Amino acid sequence: MKLPELKLKDAFQVGTLQEPSLVLSASAGSGKTFSLVTFILGFLGQGLARPHELMAMSYTNDSASDLKDRIIRPLEKIATLSEGAWTPLLQPLLSDDWKAWDDTCQTHEIDTEFAYAARQWKSTEGVWPAWTQSPHDARNYWVSIRREAQLLPVTTIHGAALGIIGLPEKGIIEITHPKLTRLLKSVCRTTWKSLPEGLGEEMLSAVGHDWSRLAQIYDSFMDGQGNWREIWPPLGSLEMTAQRLVKDFNALVVEPQRLAKLTKAGAPHQYFQNILTHLRPVPVTTKGRAAIKQIARWNDLFFNDEESIKSYFADDRPDLDDFVQALRDYTDLLEQHVAQGLEKALTVFGKRKSQYHWMTYGDIVRQTCQYLSKNPLPTPPKLLLIDEYQDANPVQDTFLIYLRPDRLIVVGDTKQAIYSFRGGDSTLLRNKIQQAPQGQAYSLLTNFRSRAPIVGLANFVVRSLFPKILPNYEIFDEDQRAEHPDHQQGATLGITLVKPEKNQGYDLTSAFPWITALAREEGWQHAGFGPTEDKAKPTRALLIARRTNVHKLMRHLRERGIEAMLRTNEGRLESPGVRLMNALLGFFAEPGEPRHLFVLLRSPWIGMTDQDLFKAARLCQEKEFTQGLERLHYLIEQPSTYSEGLLWLASLEGYTTARLLSEGLMRQPGVLELINALQVFGRLEAERARRNLEEWMTATRELSDSPSVAYFQIQENYQASNKGDALLDEASVDLIVSTIHQSKGLEFDSVILPLFGTPPNRVPKGSLYSLNEDQVFKTGWSLGTLNGSQLRNVKSQTRAKELEDSTNLFYVAVTRAKSRVMLIQKARVKNKKEWDGVPENRWEMPWHLNEERTKKKARSNDWAVLGTEIREGVPDVSIYDDHTPLAVDPVPSGFVPIAESSPHHPSRVDHGEKVFHESTPEEDRARRQGLALHELVRELLLVPPGARAAWLQPYRSIPFYEDVIPQAERCLKKLDEQGWLSLPRRTEYPLEGTAVSLETGFADLVMWEPDRANPKRVIVVDYKRSIPDFKLDDYRKQVGRYMFRLQVLHPEAQIEGYLYNVLTDTLESVPSVHFDTSSL
């Protein structure tokens, strides 16, 4: 079944779209949001509804916000048109002269969505809306529409449900929230005590620590509108069945030689001798978990090695056949007990959760459905638009039905359904398409995102690979066509082969050279790729299927000076500002835990070195001080330069609430030093830490007044919500590293896609599968190798969904690219230890992984196979197997390392026997003000010039900043006088090997002219609050190291280095003599 194409520019076709229901199959990059906006503007233009009577829903808050902005944008322009401008617009509109209408809209710079929406305004009777009667009416109508557009509800399904039942989002938790998983664990422990002896303990052992998986099973079943049983059928005794099985086995193996199939020589096969070790009698008293484990070993022998049984056991042994059948009956009975125990526990869990009034996002939709079933909306929406419908689940679909809209438009793409593990059911969209009458289902076939070769690759994946992997997969769309032709100036698609040293699964180590090279534009050019569409700030992304060992990749990139941003949902508590704030609460919440004090002593407010921390910890241990506060008061008694900071920390003990405690920390001078604590992401950390800290401060106002309670609330909330860092400006980084799931809905100029992966592994112990068919809970749980018939049935269907998700995930990945794609393929395995130079080319799983135990039925989702098919079937792909990627050195050549034996080596510097370094209060204050100056300048460079005065206002009342603020303003004035503030720039720019210790050094300010991609001139500025004469030469050498590293990075550019003395307002050019590495 192929859907007809919808062309929004076709007035006749669009004019007939007056049906109450419409389904759009929108392939990747086909202008889905454009179409939604066009339909909304078309409906508003008909004059039959006001904005608040419409409703639009999307899958995430971000996509909903983007959709609302896209709706308001054309209305902003329309609302500014005068009556005189409407006169030439109405003439072609009312005469159906669409070419003249489009030309007039273009003349007035009216958005295309509005121009195409006009095709929907005339009624089926040929009547135009009342506002078209005069320019005066037209202007007044659209001005009022724009004014009311803010009332148009554009939200997520959960947001709409919350609005209907009148609940705030605060207090709604995820199903994997720690307090829910703790409740589930407690319920299971109690409920499973009634199971047969040993089974409950075995189930608890199987779950291990993955209680969130069990909670998701519960939520998915509820989202599938499943019903829990109140009465369970009686089951046979597991203990008695096990005892009979033990006796039958012992009788069977009295003379095990009789079981062997004889060879032509009249003797058992040699392999049978190995089996004999398993054919020994077992104690009749074996029961409980011991019996389960013993029967699992038999199950492994007789079922997981069936070929051996057929080959080496005698065929005419009825007693053997009876035992094998009894073994199957036992595993089925065991599975029934497991399923019944599981269903009982989940039923109790649901009731207990309701008693505690703990609500999840799934509960919100389910309760709203119950409410709407009894209390229909008094005024249903006149138009309801649903985006990303392929990811909806049954209960969400029921919720949409209960809304009873006058007209429903559903948009989705079954090829991009990648969230079945969250309960998404793409069959809902598939059924709507198949059941739609003629004229109510269309497809969008023009790709506005990608260049022609990339669109051709996507078409090949859908047309050729989908049928091979998923024979029953129905495709509703014809091939897409590209709006953008190929650039014809180099390669667009590339594929290369890498040979890992060993079978590393998804480990990307072997792909590091290619990833590193393609992280920057020079690497793509070196490989012969063509230019990107966006030449000013092209985005490059590495898309990965899973985050296995991604920290190793990030470390590798940092070592080579590559600024990479990891799009993640984890780690916000590890952001430096949040980490220090959290340590402050933890210090008073857990006084016996020394790690919080350790973090605070290293913080910018106190600033202990590692050596000082070690000595301080040793002294506290000698005095046997274990409590954090005890250690703090003891350290205060020791003479040191850190006394001021230690006294300040001790003074916070008197603050009574978490809010006051955090605010006291913010008032401490040097708070901007927080954003300098993390060097993992280079200069990007400033913006990242500032946003995370701001959100953390807001959250503390809603927590308990008790610092101890607030601390544990934060730990629990952040762990449950899985919040990661707020995203940075993607155009300002070298490489974006993201999982494919998180890249959904995004686009990048260039995409690097490793085709690494492995076929499905065996079901591990404790794996749980469930289906909701006919609203009945069906599950299969693997306890070791005990796989019952229900598990085999459920698992085969679940595996089919996983295979579909994996194939869709590959399609999503390749369609994120606009201009270039590089596929990195893993070589074929030759044996267990070696790899050859041939691409992987097998569709079948290895026999031991094949659930059907046949070599040709099971299909692998190893993406290396897809790469081989692309090599052979896509003519536009360039092969880079013999190409060496551009090398990126971790340390610039020419640097002379300091020998460890040298007295100048950092590890050999003798700081004396004193616990702390001596310095006067004036010197300590000067040091802190110098750090504050750098932080303040860096912040001001991020603030628009017109907003700097207001931004500085809160700091002017702090005495510490009285001298720092004028110096920061003087620094910016000097940069402006040189004409540098208009250049692309980076503050705290990491340059590998430029520190005195040959670690990463951070240049205060680096600027590129005219742009960073192809600079003709690179300027590095190091600014100091003051420059004593005895340090001048060292500072010049430091700038020289920066210049040398920049010359390595930009060999064709002119490198300039400057020292700026803020106190004397002197800008000194570093002469070339200090550029010589022999002076380092």
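Student: Which residues of H17 meet H18, and which ones in H18 do they meet?
Tutor: On the H17 side they are Val-365, Arg-366, Thr-368, Cys-369, Leu-372 and Ser-373. Their partners in H18 are Val-395, Gln-396, Thr-398, Phe-399 and Tyr-402. Keep in mind that this is a predicted model.

Student: At what angle do H17 and H18 pack, and how far apart are their axes?
Tutor: The angle is about 30°, and the axes are 9 Å apart. H18 covers residues 394-402. The crossing of H17 past H18 is left-handed.

Student: What does Ala-161 touch, leaving out its close sequence neighbours?
Tutor: Beyond four places away in sequence, Ala-161 touches Ile-364, Val-365, Thr-368 and Phe-399. Val-365 and Thr-368 are among the H17 residues that meet H18, and Phe-399 is on the H18 side. Ala-161 itself sits in helix H8, residues 157-165.

Student: Is Ala-161 buried or exposed?
Tutor: Buried, with a relative accessible area of 0%.

Student: And how far is Ala-161 from Gln-396?
Tutor: In sequence they are 235 residues apart, while their C-alpha atoms are 9.7 Å apart in space.

Student: Back to Arg-366. Which residue does Arg-366 form a salt bridge with?
Tutor: Asp-223, with an N to O distance of 2.6 Å. Asp-223 belongs to helix H11 (residues 211-223) and Arg-366 to helix H17 (residues 361-374), so the bridge ties together parts that lie 143 residues apart in sequence.

Student: Are those two buried or exposed?
Tutor: Asp-223 is buried at 7% relative accessible area. Arg-366 is buried too, at 8% relative accessibility. The cut-off for buried is under 20%.

Student: What about the pair Asp-103 and Lys-99: where do they lie?
Tutor: Both are in helix H5 (residues 98-107), 4 residues apart, which is about one turn of the helix.

Student: How accessible are Asp-103 and Lys-99?
Tutor: Asp-103 counts as partly exposed at 36% relative accessibility. Lys-99 counts as exposed, at 60%.

Student: While we're on H5, how do H4 and H5 cross?
Tutor: Their axes come within 7 Å and cross at roughly 160°. The two helices are therefore roughly antiparallel to each other. H4, residues 83-94, passes H5 in a left-handed crossing.

Student: Which residues make that contact?
Tutor: From H4 there are Pro-88, Leu-89, Pro-92 and Leu-93. Across from them in H5 are Trp-98, Ala-100, Trp-101, Thr-104 and Cys-105.

Student: New topic: how many residues of H10 are buried?
Tutor: 7 of its 9 residues, so H10 (residues 199-207) is largely enclosed by the rest of the structure. The buried ones are Leu-199, Gly-200, Glu-202, Met-203, Leu-204, Ala-206 and Val-207. Just past the end of H10, Gly-208 has a positive phi of about 65°.

Student: Where is Ser-426 found?
Tutor: In the loop between strand S5 (408-412) and helix H19 (427-435). Ser-426 is buried, with 10% relative accessible area. Setting aside residues up to four places away in sequence, Ser-426 touches Gln-390, Thr-414, Ala-417 and Glu-804.

Student: What about Lys-415 and Asp-413, how do their side chains meet?
Tutor: In a salt bridge, 2.9 Å from N to O. Both residues are buried.

Student: Which residues are linked in a salt-bridge network?
Tutor: Lys-32, Asp-387, Glu-388, Asp-391 and Lys-744. The structure holds 37 salt bridges.

Student: Last one, zooming out: how many helices and strands does the protein chain have?
Tutor: There are 38 helices and 23 strands. Of the 1080 residues in the chain, 54% are buried. The chain exposes about 48200 Å², and carbon and sulfur atoms supply 51% of that. Among contacts with a separation of 6 or more, 78% are between residues 24 or more positions apart.

How values were computed: Residues are numbered from 1 along each chain as its sequence is written. This is a predicted model: local features need pLDDT of at least 70, side-chain atom pairs count only at pLDDT 80 or more; totals for chains, interfaces and linings use all residues. Side-chain values use heavy atoms; hydrogens and water are left out. Buried means under 20% relative accessible area, exposed over 50%, partly exposed in between (1.4 Å probe, protein chains only). Contact means heavy atoms within 4.5 Å. Accessible areas come from the Shrake-Rupley method with a 1.4 Å probe; for residues, only the protein chains shown count as cover. A salt bridge is a side-chain nitrogen of Lys or Arg within 4 Å of a carboxyl oxygen of Asp or Glu. Axes are lines fitted to C-alpha atoms, for helices over the stretch in contact, and angles run from 0 to 180 degrees between N-to-C directions. Angles under 35 degrees count as roughly parallel, over 145 as roughly antiparallel, 65 to 115 as roughly perpendicular and the rest as oblique. A crossing is left-handed if the near helix is turned anticlockwise from the far one by less than a right angle, and right-handed if clockwise.
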